[in-house]
Amino acid sequence: MFGLNLFRTTLLVLLGSLYYYFNYGTPYVERALRAPIALEQGDGVTVPRLAQQFSRGGQIDIKYRCSIELEYLNVDLITVQGGQRFVDYLVTNGTAPNPDVENTLTVTIPGSIPAGSNYVVKVWGPLKGQTESPDWYELPISEMFSIVDPNAGSFTAPGLSTYGYTQWFTGRKVLLQYTLGSAFNGVTAVRIDILNSAWSEVYTLFPSVPASGKEQTYTQEWLVPASLRLSQFYSLRIIPADGLTKTHNVDTQTITVSPMLSSPLFSIFPQPAMSDPAMTIDVAARWTPGNSALITWKYEPFPEATVNSWTIELYDTLLGSSNTLGTPIGKASSTNGGRLTYQVPDNLAAGVYYIRAWGYATSQNATANAPIDPVSGLSRLIVVLDEEKVHGNILAVTTPAQWAQGKNASVSWTLTQTTDAQPVHSWRVDLYKYSVVHKHYLSLATALPAETRSLTYELSKDFLLGNDYLVRVSGSLPENAEVAVFTSGVAVVERLTTSGGGKNATGTNDKTADPDQNPNTGDYLGGGWKNLASRIDGRGLWSIPVVGLILLVVA
């Protein structure tokens, strides 16, 4: 009898939980308490528009259409910094909008708001006439716009035109044009950084560019790095060369008082000519810090052409490294090829790298005003690993021959250690793809516990097909060392066509996720049940026992 009652109780609680799941909204993230009701056609925010610029301390005339009667109106200013969302409340309990007409609401941007290029506004409020636990109506967020220091100056390139924002290509020279305003008076050197709303890192393009200390217009040539990912949300910022003066943190959001000039958003597209078919680069597949490495390259085009000056660059596939945007390691004056002996630095971090050799042919105009692709070649992947530091750790990795879209992808590994082996602190699993310029495609996991020996990752149904994937498992050791292994290859297919045999490999290193992908987070609490857990917020919790009691009486 006790077992039967326990079964009934469990079943009724489960049914009550499902009732709650399908009849109550998700607690909302910023200020709203419940999920908004369905959007009416034609409703939305029309101003601010994409890449518009507004001065902090100034005003924005927000234009929007809202066909639902609201009790009052809220307006939130939202930005992303370091991968986190931050919210400022511009309007709270404001005047309700007039339905079915375009409304204009003038708001003031606080003077303490940091300058930046990735702001949006959200307009929302509770339905009219509902007093307890009201439903919420939310307009789609606005397009992304910039908030700037009114005295910082302006960017001409990248800039805006009748065709929208600037579009640049990897591997080409472009011309930056900007005017420094009175906010930079007295500043004699500035730093130019590149940012992306999907990154937590800031990359410095030019650490110190001379400035006159007064209002003036400047130009600066920039060779767009081969490693920049496809994205429409890049922006530049100019700050004093000695860095930003910070006042305090608000929920980890940094507030700065130094002058800062932000550019409009611009987009980067990969350039197919990044790897010229007439170029070949020969380099060892494994480097050891402190040793020398020989790099040779050939350029054999038809019809014949020559390159008189070559630049050799080292790229780290890890997004977040100082070498991510390319580090020049040598120059060579030759014609159709050359060789360079590179002394691998003792402090070069363990990882996966590649070499790019490039130069302009004698018939090419190499100025930024004529954006011509240089002759360019990319090497194979290079594993940098200090064998002495990984002594005593033997790693082997196994994967199926195929992974299927929409299914779980599995990786497992074994670690054999001698008594004097250095301990592994954590594991990461990365996915590489040879057909993409920057090689590193996706991080499947970045900080697995030391005792972990396998990973299951759910591939999306539209995961990119291909037979050129490599899986790399790496364990972090003391002194920035790693023990790491590449698999011999994995294919992503529409469905598993064979049972697939395991593949073993021994190999080595690297890091990070492509900011333009939208990978599964690895949270396998299941979509529906995860939502169920988040929806039990106290307001509708009573429904579970009440519904269960009703069903018990009926039973």
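This is a predicted model: local features need pLDDT of at least 70, side-chain atom pairs count only at pLDDT 80 or more; totals for chains, interfaces and linings use all residues.
Five bridges hold strand 23 against strand 25 (residues 292-299), and the two run antiparallel. Strands here are DSSP runs of E, at least two residues long, numbered from the N terminus, and two of them pair if DSSP finds at least two bridges between them.

Residues are numbered from 1 along each chain as its sequence is written, and side-chain values use heavy atoms, leaving out hydrogens and water.

Now zoom out a bit. The three strands make an open, antiparallel sheet in the order 23-25-28. Strand 23 (279-283) and strand 28 (337-343) are the edges, each pairing on one side only.

Next, the aromatic rings. Rings of Phe, Tyr and Trp (its six-membered ring) pair if their centres lie within 6.5 Å; planes under 30 degrees apart are stacked, over 60 edge-to-face, and the rest tilted. That rule gives 19 aromatic pairs, including these two:

| Pair | Centre to centre | Angle between planes | Type |
|---|---|---|---|
| W297 and W310 | 6.2 Å | 65 degrees | edge-to-face |
| Y441 and Y469 | 5.7 Å | 70 degrees | edge-to-face |

W297 sits in strand 25 and W310 in strand 26 (residues 310-316), 13 residues apart. Both W297 and W310 are buried, meaning under 20% relative accessible area with a 1.4 Å probe, counting protein chains only. Y469 counts as buried too, at 0% relative accessibility.

Terms used. Helices (H or I, at least four residues) and strands (E, at least two) are DSSP runs, numbered from the N terminus. Buried means under 20% relative accessible area, exposed over 50%, partly exposed in between (1.4 Å probe, protein chains only).
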